[in-house]
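Student: I would like to check the terms used for this structure against their cut-offs. Please set each value beside its definition.

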4 protein chains.
Amino acid sequence: MIQVGIIGGTGYVGAELVRLLSNHNKVKISGISSAQYKGKSISSIYPGFYGLNELVCESQQEVMEKSDLMFLALPSGLSESIVEKAIHKDKVCIDMGADFRFKNEALYKKWYGKSFLAHSLHEQAVYGLPELNREYIRKSQIIGNPGCYATSVELALLPLISGGLIEENGIIADCKSGVTGSGKNLTESSHFVNCNESFAPYKVANHRHTPEIEENLSNISKENVKLTFVPHLIPINRGILSTIYTTPKKPMDIEKVHEKYCEFYKKENFVKVLPLGEISKINNVRLSNYCHISLHFDEENNKLIVISCLDNMMKGSAGQGIQNMNILLGFDETEGLTDVPAIF
Amino acid sequence: MIQVGIIGGTGYVGAELVRLLSNHNKVKISGISSAQYKGKSISSIYPGFYGLNELVCESQQEVMEKSDLMFLALPSGLSESIVEKAIHKDKVCIDMGADFRFKNEALYKKWYGKSFLAHSLHEQAVYGLPELNREYIRKSQIIGNPGCYATSVELALLPLISGGLIEENGIIADCKSGVTGSGKNLTESSHFVNCNESFAPYKVANHRHTPEIEENLSNISKENVKLTFVPHLIPINRGILSTIYTTPKKPMDIEKVHEKYCEFYKKENFVKVLPLGEISKINNVRLSNYCHISLHFDEENNKLIVISCLDNMMKGSAGQGIQNMNILLGFDETEGLTDVPAIF
Amino acid sequence: MIQVGIIGGTGYVGAELVRLLSNHNKVKISGISSAQYKGKSISSIYPGFYGLNELVCESQQEVMEKSDLMFLALPSGLSESIVEKAIHKDKVCIDMGADFRFKNEALYKKWYGKSFLAHSLHEQAVYGLPELNREYIRKSQIIGNPGCYATSVELALLPLISGGLIEENGIIADCKSGVTGSGKNLTESSHFVNCNESFAPYKVANHRHTPEIEENLSNISKENVKLTFVPHLIPINRGILSTIYTTPKKPMDIEKVHEKYCEFYKKENFVKVLPLGEISKINNVRLSNYCHISLHFDEENNKLIVISCLDNMMKGSAGQGIQNMNILLGFDETEGLTDVPAIF
Amino acid sequence: MIQVGIIGGTGYVGAELVRLLSNHNKVKISGISSAQYKGKSISSIYPGFYGLNELVCESQQEVMEKSDLMFLALPSGLSESIVEKAIHKDKVCIDMGADFRFKNEALYKKWYGKSFLAHSLHEQAVYGLPELNREYIRKSQIIGNPGCYATSVELALLPLISGGLIEENGIIADCKSGVTGSGKNLTESSHFVNCNESFAPYKVANHRHTPEIEENLSNISKENVKLTFVPHLIPINRGILSTIYTTPKKPMDIEKVHEKYCEFYKKENFVKVLPLGEISKINNVRLSNYCHISLHFDEENNKLIVISCLDNMMKGSAGQGIQNMNILLGFDETEGLTDVPAIF
């Protein structure tokens, strides 16, 4: 059995990986590391694991040695040096943070404030959106797992951008996320009383996922794709919904666009293009790895509106990480990811 | 003391009017009517009134006779004939529904499926947005109280549109509302389990407040204002937040625009333009009649983003109705509306 | 493969069964019936199933014919006659409602207003709490699946009552449930605005699960067990937490009682007795079939407090139904039920 | 105008006092102090005050000098020395914490870990439950404002205990509170993701309000009153609901008990005894100073169940503080507290 380690196993992404891997039939969790909780069991941090998973946090070094593949679920900027060591030992790395999402170092530096340490690693790394890069993922040893918002916006726009159907400039992505997206840290904005019965934009037109989306969509376009992206916090635990406003280049037939989407995603397990007339809603994807996409046309204003939603901890993060792992290791891509949405 | 009646006193708008008028020092509630609950007390429907307000629902006729001024809180299309009778008896009417929001009968017919019954009433009627029409409201006998979404979008855009600062076409209003906005009726979309832990767009680019906003903004512009409007349901009780994307006509200095907003609203009690850098959030206006507006500039994409929020039951409905009543009756405009937001 | 049908497949219990059976490796859903939605697909009712499960609702008759085993997820009182037919055709029945929970017809009649139709069915039927009746379930053809509150209270008290450790009279069960417990119907009490930001007792000391709990606990005691049971509604989707106050008969050593619980449940997969000092909380069992139990002693008042929690749709209903099915059909008892709690 | 200062004006209790005093016609806020936020405006901490209240935090000393009356909204143990200084300067003090709630120093020491500094202050101090101590409050200079849970349990039991109608031992108070009750601090238990979709007991039979309740109820009884008290956290902002199980000493006629409650509270503005058959619910008191009480009898088990609810920030804290101030200063007791509940 393949041994899978989790570096940073006690944040939300790490814990979600533990949860999902508990039901995966082809791999075994070799260990989890945590600086903060070393020596403590995962079930003492998340009592939902009580009696089910009694893994004890170890050092990064200990976990690395026992693992064939590692998930790195660390704050941005901390993965690169670990990946470097791991690659030396010929291990596979899936980085859940931003360190390997960019090819353009200048962009990375502008938004994350750091240079690349080892350029060769970034040359090898593949951006882990399977619907875009499956064949590259299969052959890679380093995956930069996409951001949650980025996944929701890119999946929504891939068919339009790759088909050159919309203006590449002036795209508006109005996105809304549940609170797990901002992590386990205690902050003013995640205090219950501040979130509950509220709804709040943040980092207006200034969020780090903007350049990630632009880089990836530009790569498949002939033009520079530019978007205005505004994230908002919804008082729910899980889920992202993106309402995306685009301008068709030519007179548009919404049924033809819908066919194009269906065609584009027909072999994909995890992307569901809803029938025309239906609307994507967060409760229809929660606790699953599925992404729902619905299409709407405002004829009077010539706006094609694409609405996508997914569970930010699943297809937006840990679920997608495991999808990438399955591809890399040659498993069925849906292994461990077949739970249908929680419905209620 | 002025006698104020509420026709349709048991829906959410009616009940909110009762709540607010209970603390108003210059008027007295003469009676409330309800077809469904005739003979029942308001406290048997909303037990929060127990021991505080034991008004019993009467017929429309009974309430009309005892009232100098009437609020009509009825489903769209039911007010016009009542207003006609009331005007005959020289009573003042504030319609909380859509019957008197439109000057353009064709538009009203297109979106609400009905013709005007008595055109003269519509000629007299004033659209009750005090920040736009205060002087007309003062002299009118029929007020069409604005829609909740419409209020939030119009207050956000008035300074830009009246100043001719943005493109009148291509405005995007991505709006989010709490569940009281869809009323007291039992529907699939207001079932707790369907709303909670979800977030859902509805009537995508097809909501009745679109033409209301366009008509009112076009009236103060030299151009036809056109917008794409998408409403969403947030799992909270109260509050609307509108994220509005506009395109400046000329190179924009956000500080100058901010000054313009401050100037525009400096005499208004209920509109607060936040300092640059601050962001409007629903929990800062809940249970109050205030509207917060914040301004943000996406320089790279030349988008001016205006974010407004208000309590849909207050400035978005009943609170604004009372503000209109205060203006009409010559009271201090803030009478009964001085509660600061609930904070938490 | 065993063919499993669901009679009443579109209510919450039915839909949860569909969700869980979708991940069960040993059985196949033969069909689902619905009077209200006949001819419609389950995914048109619960769009979370879109593209994953396109079962179309059929008549009860059609589903029965294709099934080896049937779940009946119907309002109380509607199952008995269907079970009668099914037994004739030698099919196995798991009734999710109350029709087969009682041995005492008088009690059933008092609380549910109906007599037994066919006494022989009730003689065969087994109350489907595996931790109490596993061996009987294994050999039975009719299972009365326990109520959600009843499961949480009975699992909490079994070790105490069977050991004769507490006064059988004067037990207090203060229970709290999420809103899925009251089902899919549109009612005042499930309207979002009425639940949200509230918390409400209902059927105070007058809930139908009281006699169910009393009958089952009395069966394993030498005394008549009597309890005061007050349910409350929590503004969450899933979960039940029961705070149960009992009076020890003799001076109590909480550590010994804890050992007793651990011993009592040591072979059980789905009951977790928490370490002393820990407290059961709903978020630690959500979306799983586990029941957490914690023990607390108020020495000054000689009260032993048992706190149990579970997911009302899982161990409190559909999950337990599948556990019963696994036992009946000789599968591993945890088949299809291994998901760890959702944590967040 | 009376000058009122708030020491500790930026925690939830302090901010709620600012909110309420903003609508009080007989007093003026002289200043607010904050160690943490000195020099900052209250509106920079709670943006709901933006443009409405621009008070800037000062030192305790500065506030004290400008004030005739002071509210102390500090963590337990920090008020006593300030009150000592204030009394020297002949100022009136209402302490919102626990420092002046106890007459029994040993009890205070046991639960709060501190001795009394100046016994004479405690001799002067009055426990500020107006329904119990109104006449003493009127003449006092130091008020110990009751705890939120304590208020809800004491108001529920006063008529029974003072009438000697129930067993003084073995009372069970199962209480549930919204998250504002645990304050503004960032803690694991107030992180949105931990509260939301959960429900959790805490400090089981070990909460500091237990001795406060026991002392006050014992004072009006001939017996030592003893209760088992278990608090729980509800995922809502505001509100406490207490379900209290008591044992009548003699055969009980629930209608007579109900009459007794009505009689007991007939002159009270803020306590509403609901008609028999009605049930107290949190959404019927939110954002108001009212306490609802409902009565229920479990005849078979001889348990009288009293359910009380109130808004923990209002009647449970700041609202009651202002009620005490009104009594002390000879104002109408309802001044500034007439808001009806928010209903929704």
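Tutor: A salt bridge is a side-chain nitrogen of Lys or Arg within 4 Å of a carboxyl oxygen of Asp or Glu. By that count, chain D and chain C share six salt bridges. The model is predicted, so local features need pLDDT of at least 70 and side-chain atom pairs count only at pLDDT 80 or more, while totals for chains, interfaces and linings use all residues. Residues are numbered from 1 along each chain as its sequence is written, chains are lettered from A and ligands numbered from 1 in the order in which they are written, and side-chain values use heavy atoms, with hydrogens and water left out.

Student: Why is the pair D:K176 and C:D174 called a salt bridge?

Tutor: The closest N and O atoms of D:K176 and C:D174 are 3.1 Å apart. The limit is 4 Å, so the pair qualifies.

Student: What makes B:K110 and A:E300 a salt bridge?

Tutor: Their closest N and O atoms are 3.7 Å apart, and that is within 4 Å, so the term applies. Between chain A and chain B the count is six salt bridges.

Student: Which elements of chain A supply at least two residues each to the side that touches chain B?

Tutor: Helices (H or I, at least four residues) and strands (E, at least two) are DSSP runs, numbered from the N terminus. Among those elements of chain A are strand 7 (171-177), helix 9 (192-195) and strand 10 (240-246). Chain A has 12 helices and 13 strands in total.

Student: What is the area buried between chain A and chain B?

Tutor: About 3500 Å², with carbon and sulfur atoms giving 60%. Buried area is the accessible area (1.4 Å probe) that two parts lose on being put together, summed over both. In chain A, the residues that lose the most area to chain B are A:E197, A:F199 and A:Y245, together 18% of what that side buries.

Student: Why is it said that chain A and chain B meet through the same surface?

Tutor: Contact means heavy atoms within 4.5 Å, and 43 residues of chain A and 43 residues of chain B take part. Of the interface residues of chain A, 100% are also interface residues in chain B, so the copies meet through the same surface.

Student: What makes the radius of gyration of chain A agree with a compact globule?

Tutor: The radius is taken over C-alpha atoms, and the globule rule is 2.2 Å times the number of residues to the power 0.38. For 344 residues the rule gives a value near 20 Å, and chain A has 20 Å, so the two agree.
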